[in-house]
Amino acid sequence: MNRILSLSLLLTPVLLATACARASEEAVSSPATATASAVEATAGATIDRELPLAIVHKTASCGCCGVWADHLKAAGFPVEIRDTDDMHPVKQRLGVPAGKASCHTAEIGGYVVEGHIPASDIKRLLKERPTARGLVLPGMPAGSPGMEMPDGHVQPYTVELVRTDGSTEPFARHGQGV
């Protein structure tokens with residue numbers, strides 16, 4: 001059992017990174033399809049004027065980041081995309097703790113939002129307004145927004161609250177067996 005778990009933990013980041021890169025390649029190779037799916041994802045979405053602007057920092061080649069941004073739009077957030085070649089300075093400026101990084105970083109309502117965090121967790125953060133830097137979801141968990149799996153599988157994951165001192169604590173748990 002431990003061998004299977006170890007192998008799974010080793011291969012999951014590789015498979016997820018490949019899926020993210022594949023989504024980006026598909027968008028580049030067939031822009032008409034990518035545009036159509038982006039329109040479909042946000043066609044029924046209306047901006048909730050009570051929600052703050054989500055400034056999403058990402059690399060231009062990351063497909064899953066764009067899908068996550070569409071998830072925010074569908075939840076009513078106004079979204080501004082800022083493509084950058086070097087995410088490290090953004091993460092450093094916003095105080096993303098070491099070892100808690102993902103593929104994109106957002107600024108929403110005075111908070112940092114790192115990774116594939118569900119919009120419902122962001123809305124909860126904005127409603128509760130804790131004294132904190134924001135939320136982080138390290139890595140790219142399968143089934144999280146932007147990393148949806150064709151079979152609907154959701155890898156268990158925990159969104160963490162980042163306190164002002166950089167420490168983290170669980171904020172929300174998602175996935176099977178939660």
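**Figure 1. Arg-129 and the end of helix α5.** Just after α5, Arg-129 takes a positive phi of about 50 degrees. Helices (H or I, at least four residues) and strands (E, at least two) are DSSP runs, numbered from the N terminus. This is a predicted model, in which local features need pLDDT of at least 70 and side-chain atom pairs count only at pLDDT 80 or more, while totals for chains, interfaces and linings use all residues. Residues are numbered from 1 along each chain as its sequence is written, and side-chain values use heavy atoms, with hydrogens and water left out.

**Figure 2. The buried side of helix α5.** Helix α5 spans residues 119-128, and its buried residues are Ala-119, Asp-121, Ile-122, Leu-125 and Leu-126. Buried means under 20% relative accessible area, exposed means over 50%, and partly exposed lies in between (1.4 Å probe, protein chains only). An α-helix has 3.6 residues a turn, so residues three or four places apart point the same way. The cover over the buried residues of α5 includes α3, β3, β4 (111-114), β5 (134-136), β6 (157-162) and β7 (168-174).

**Figure 3. Helix α3 and the glycine that follows.** Helix α3 (residues 63-74) has twelve residues, which at 1.5 Å a residue should span 16 Å; its end C-alpha atoms are 17 Å apart, in agreement. The expected span is 1.5 Å times one less than the number of residues. Within α3, Gly-63, Cys-64, Cys-65, Trp-68, Ala-69, Asp-70 and Leu-72 are buried. After α3 comes Gly-76, with a positive phi near 100 degrees.

**Figure 4. Cys-65 and Cys-103.** Which cysteine sulfur is closest to that of Cys-103? It is the sulfur of Cys-65, at 3.6 Å, which is too far for a bond. A disulfide is a pair of cysteine sulfur atoms within 2.5 Å, and by this rule the count is zero disulfides. Cys-65 is buried, at 0% relative accessibility. Cys-103 also counts as buried, at 15% relative accessibility.

**Figure 5. Surroundings of Ser-102.** Ser-102 sits in the loop between α4 and β3. With a relative accessible area of 12%, Ser-102 is buried. Leaving aside residues up to four places away in sequence, Ser-102 touches Lys-91, Glu-114, Gly-115, His-116, Leu-137, Gly-139 and Met-140. Contact means heavy atoms within 4.5 Å.

Figure 6. The side chains of Asp-83 and Lys-58 form a salt bridge, 3.0 Å from N to O. The partners are 25 residues apart and link distant parts of the chain, Asp-83 being in strand β2 (residues 79-83) and Lys-58 in strand β1 (residues 54-58). A salt bridge is a side-chain nitrogen of Lys or Arg within 4 Å of a carboxyl oxygen of Asp or Glu. Asp-83 is partly exposed at 47% relative accessibility, whereas Lys-58 is buried at 7% relative accessible area. Eight salt bridges are found in the whole structure.

**Figure 7. Two further salt bridges.** Arg-82 pairs with Glu-80 in a salt bridge whose closest N and O atoms are 2.7 Å apart. Arg-82 is partly exposed, at 36% relative accessibility, and Glu-80 is partly exposed, at 30%. Glu-107 and Arg-93 meet through their side chains in another salt bridge, at 3.2 Å from N to O. Glu-107 belongs to strand β3 (residues 105-108) and Arg-93 to helix α4 (residues 88-94), so this pair ties together parts 14 residues apart in sequence. Arg-93 is exposed, with a relative accessible area of 53%.

Figure 8. Residues 1-19 have pLDDT under 50, and the model gives them seven contacts beyond four places in sequence. Residues 21-43 also stay under 50 in pLDDT, with eleven such contacts beyond four places in sequence. The pLDDT is the predictor's confidence in each residue, from 0 to 100. The chain average is 81, and 74% of the residues score at least 70. The chain has five helices and seven strands, which run α-α-β-α-β-α-β-β-α-β-β-β from the N terminus on. Of its 178 residues, 39% count as buried. Among the contacts in the chain with a separation of 6 or more, 58% come from residues 24 or more positions apart.
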